[in-house]
Amino acid sequence: MVEYQKELKGLAEKILGLMFRSLGLTQEDIAWFKPKYGCKSPQGVLQLNSYPVCPDPNRAMGLAPHTDSSLLTSLYQGNTSGLQVYRDNVGWVPVHPVSGALVVIVGDLMQITCNGRFKSALHRALVNNTRHRISTAYFYGPPQDVKISPSVKLTDHDHPILYRPVTWREYLDAKATHFNKAIELIRYDASSC
Ligand SMILES: O=C(O)CCC(=O)C(=O)O
Ligand SMILES: [Fe+2]
């Protein structure tokens with residue numbers, strides 16, 4: 001487990017580095033992402049999900065629709081389908097397992113850091129009536145008490161800053177209370193929602 005988390009941490013950092021770079025951001029632009037930032041390095045949380053066989057899957061939900069609070073989530077879903085993502089104008093789309101592959105999910109903190117350029121993905125997990133499904137989600141995020149805010153490089157006259165600074169800890173508290181509305185509540189124009 002320790003080794004697995006170490007590998008997933010390295011993978012998340014590599015993918016995030018590429019995503020930031022694709023937006024023209026350097027490590028200097030994302031100060032908290034620098035390894036030498038104090039002694040607090042970004043962190044990950046591993047969650048094991050278990051969905052027992054359900055006699056009537058149409059009347060139950062494994063995991064209700066949600067976005068992840070992380071920067072990035074790496075999901076291993078074995079070989080049993082169940083994950084679905086929501087696509088605008090399309091609806092729920094299955095993400096079938098691919099042998100040896102992880103599903104990478106953009107989380108809310110990434111949406112905040114990138115001022116909405118990358119959107120966190122609404123997803124859910126279904127149950128089924130023949131197979132016990134197991135999945136492993138690795139949530140990668142910044143140190144819990146470091147304020148995250150949209151990178152100034154991604155804001156200008158046409159792209160006003162969208163979100164207030166927030167720590168992962170504060171965001172998790174907001175999520176626990178307001179669930180999927182949390183990200184809207186930290187928008188600068190939240191009062192008009
Ligand atoms: O089990 C799945 O496929 C999804 C799990 C998930 O979305 C989560 O743990 O946040
Ligand atoms: Fe999730």
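The legends below describe close-up views of a predicted model.

Residues are numbered from 1 along each chain as its sequence is written, and chains are lettered from A and ligands numbered from 1 in the order in which they are written. Because the model is predicted, local features need pLDDT of at least 70 and side-chain atom pairs count only at pLDDT 80 or more, while totals for chains, interfaces and linings use all residues; side-chain values use heavy atoms, with hydrogens and water left out.

**View 1**
D68 lies in the loop between β2 (63–66) and β3 (72–76), whereas H123 belongs to strand β7 (residues 123–125), so the pair ties together parts that are 55 residues apart in sequence. Helices (H or I, at least four residues) and strands (E, at least two) are DSSP runs numbered from the N terminus. D68 counts as buried at 5% relative accessibility, and H123 is buried with a relative accessible area of 4%; buried means under 20% relative accessible area, exposed over 50%, and partly exposed in between (1.4 Å probe, protein chains only).

**View 2. The residues around ligand 1.**
Of the 14 residues around ligand 1, those that come nearest are N49, Y51, H123, R133 and S135, a residue being near a molecule or strand if one of its heavy atoms lies within 4 Å of it. By class, the shell has seven nonpolar, five polar and two charged residues, with Ala, Val, Leu, Ile, Met, Phe, Trp, Tyr, Cys and Pro counted as nonpolar, Asp, Glu, Lys and Arg as charged, and the others, Gly among them, as polar. At least two residues of this shell come from each of β1 (43–51), β2, β7 and β8 (133–141), and β8 gives the most, with four residues.

**View 3. Polar side-chain atoms beside oxygen atoms of ligand 1.**

**View 4. Strand β3 with its antiparallel partners β6 and β8.**
Four of the five residues of β3 are buried, so this strand is largely enclosed by the rest of the structure. Four bridges join β3 to the antiparallel strand β6 (residues 103–106), in which V106 is the bridge partner of L72. Five bridges join β3 to β8, again in an antiparallel arrangement, and T73 stands opposite F139 in β8. Two strands pair if DSSP finds at least two bridges between them.

**View 5. Strand β4 with its antiparallel partners β7 and β5.**
Three bridges join β4 (residues 83–87) to β7, and these strands run antiparallel, with Q84 opposite R124 of β7. Strand β5 (residues 91–94) is joined to β4 by four bridges, also antiparallel, and within β5 the bridge partner of Y86 is W92. The hairpin of β4 and β5 has three residues between the strands, and N89 takes a positive phi near 65° there.

**View 6. T167 and K153 in the loop between β8 and α3.**
T167, in the loop between β8 and α3, counts as buried at 5% relative accessibility, and its side chain reaches the backbone nitrogen of E170 at 2.9 Å. K153 lies in the loop between β8 and α3 (168–178) and counts as partly exposed at 49% relative accessibility. K153 and L23 are 130 residues apart in sequence and 9.1 Å apart in space, C-alpha to C-alpha.

Methods:
A polar contact is a pair of N or O atoms within 3.5 Å; within protein, one must be able to donate a hydrogen and the other to accept it, and residues adjacent in sequence count only if both atoms are side-chain atoms.
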